[in-house]
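Keep the 3D view open and follow along.

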Amino acid sequence: MIKIQKAEEIEDDFFNGRNFGPSIDTVRQVLEEVRLKKDEALRVYGKKFDNSTLTHFEISHADLENAAKKMQATNPKLYDALCYSRDLALRFAKKQRESFDSFEIELEPGLFTGQKNIPVDRAGVYVPAGRFPLLSSVVMTVTPAVAAGVKEIILCTPPRPNPNSDEPYADENIMAAAYICGVTRAFAVGGAQAIAAMAFGTESIPQTDVIVGPGNKYVAEAKKLVYGTVGIDMIAGPTEVFIIADKSANPEWVAADLLAQAEHDIVAQPVLATPDENLAQAVAKEIEKQLEVLPTREIAGQSIANYGRIIITKDLDQAAQIANRKAPEHLELALDEGADRDRLVQSVHNYGSLFIGHGAAEVFGDYAAGLNHTLPTSGSARFTGGLSVRVFLKTVTTLRTVTGSKGSEASAQAAGALGDAEGLAGHAKAARLRLADR
């Protein structure tokens, strides 16, 4: 049964980031071995962690294409859904790309400053394939890279037995998605060793400039440790949803949204905040009802029992305050259209993605609404957003001057004075050499 508590009973650690066990020593060893021994280490760790005996790792482009054709023939609904998801995500990502302007502005006469948004040359994408192979993560990680203009997109995903030969292979749905979304090269390598390969490069796998994508705690730890050698999107923790609802909400829908998040992982955190005690009780009962027939009830039930909760607040504004402090990955406002909902849309500001209204199910954002589902967790929505085109872009700046102009002369004078103040005589001299009357 889900826990029901009043707002004043919330424990302080509810608002803390969540960490589920140390993994750093193991990951450090994997990273160092791959950095030094490259493909040899990938073979060792592939056998140890994935029961793989592959001697090389690249999945042929023909196999990717064949997987897509097979999906189209045998499961056209899935194929069409995947293409629809890709198209929406790509349209949204291209609009994001348009918002990152390049410009040049004359700040002072003869002093021109600007910025350019330049895509990285090569992006690395990691797609897990454990209990639930996440083919939707191919869409979410690859499409913003495509929209950004990245030249080469490298995908790593855990190996799977090849039904036709001994050549590298992976989950067929992930392979199909990779082909549909435009992956350049794909490799059957999983876990922390895949992150190491994309960070440092091996004989087979090229070094990338940025690595994105979800994964288990070992993958997350590896991404954290290679940051600086490469860029990363974020460190993802257990998934979470926070729903703010009032009496207008449908208990069946709210319960379903909480369970949809709970089935991800036994440590997922589904939360409802409402000032309506009748709704709270109705949702709690509906959760139990739906759990009885949910195929993933073993996982979802543990998540609900151990990390789920329903919080009774004095009003909707208090619910919004709690949400802002929690900074959840997904925030739903299960409210009728009107002044209350409009006020909350403006007052909430710490979240990965916001879902407004009863119909805006969080699962739409997971799969097919254009939004990216790779989002900040464990409170990191306080300082960052989700995966977007921005991750694949470098915003660099430019300076251009007209010698002898008012702006150039003023900048040289100021730079000389500041160089003197800091005791950097070379700086001051380099600035003053540009003065016309030096």
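Let's begin with a pair of neighbouring strands in this predicted model. Strand E6 (residues 152-157) and E7 run parallel and are joined by four bridges. Within this pairing, isoleucine 154 has arginine 185 in E7 as its bridge partner. To get from E6 to E7, the chain passes through helix H6 (residues 172-181), and this β-α-β crossover is right-handed.

**The six-stranded sheet**

These strands belong to an open sheet of six strands with mixed pairing, and reading across it gives the order E2-E7-E6-E5-E8-E9. At the edges are E2 and strand E9 (231-232), each of which pairs on one side only. Helix H7 (residues 191-200) packs on the sheet, where it touches E5, E6 and E8. The direction of H7 makes about 180° with that of E5. Helix H5 (residues 135-148) also lies across strand E5 (122-126), E6 and strand E8 (210-212), and runs at about 165° to E6.

**Around strand E11**

How many of its six residues are buried? Six of the six are, so to speak, tucked away: E11 is mostly covered. On one side, Gln269, Val271 and Ala273 are buried, and on the other Pro270, Leu272 and Thr274 are buried, leaving both faces of E11 covered.

E11 pairs in the parallel sense with strand E10 (residues 240-245), over five bridges. Leucine 272 of E11 is the bridge partner of isoleucine 243. Together, E10, helix H9 (residues 251-262) and E11 form a right-handed β-α-β unit. E11 also runs parallel to strand E12 (residues 309-312), joined by four bridges, and alanine 273 stands opposite isoleucine 311 in E12.

Here are the strand pairings described above, side by side.

| Strands | Sense | Bridges |
|---|---|---|
| E6 and E7 | parallel | four bridges |
| E10 and E11 | parallel | five bridges |
| E11 and E12 | parallel | four bridges |

Notes: Residues numbered from 1 in each chain as written. Predicted model: local features only at pLDDT ≥ 70, side-chain atom pairs only at ≥ 80, totals over all residues. Heavy atoms only, no water. Pairing = 2+ DSSP bridges. Helix = DSSP H or I, 4+ residues; strand = E, 2+ residues; numbered from the N terminus. Right-handed = clockwise from strand over helix to strand, strands pointing away. Contact = heavy atoms within 4.5 Å. Axes fitted to C-alpha atoms, helices over the stretch in contact; angles between N-to-C directions. Buried < 20%, exposed > 50% of the residue type's maximum accessible area, 1.4 Å probe, protein only.
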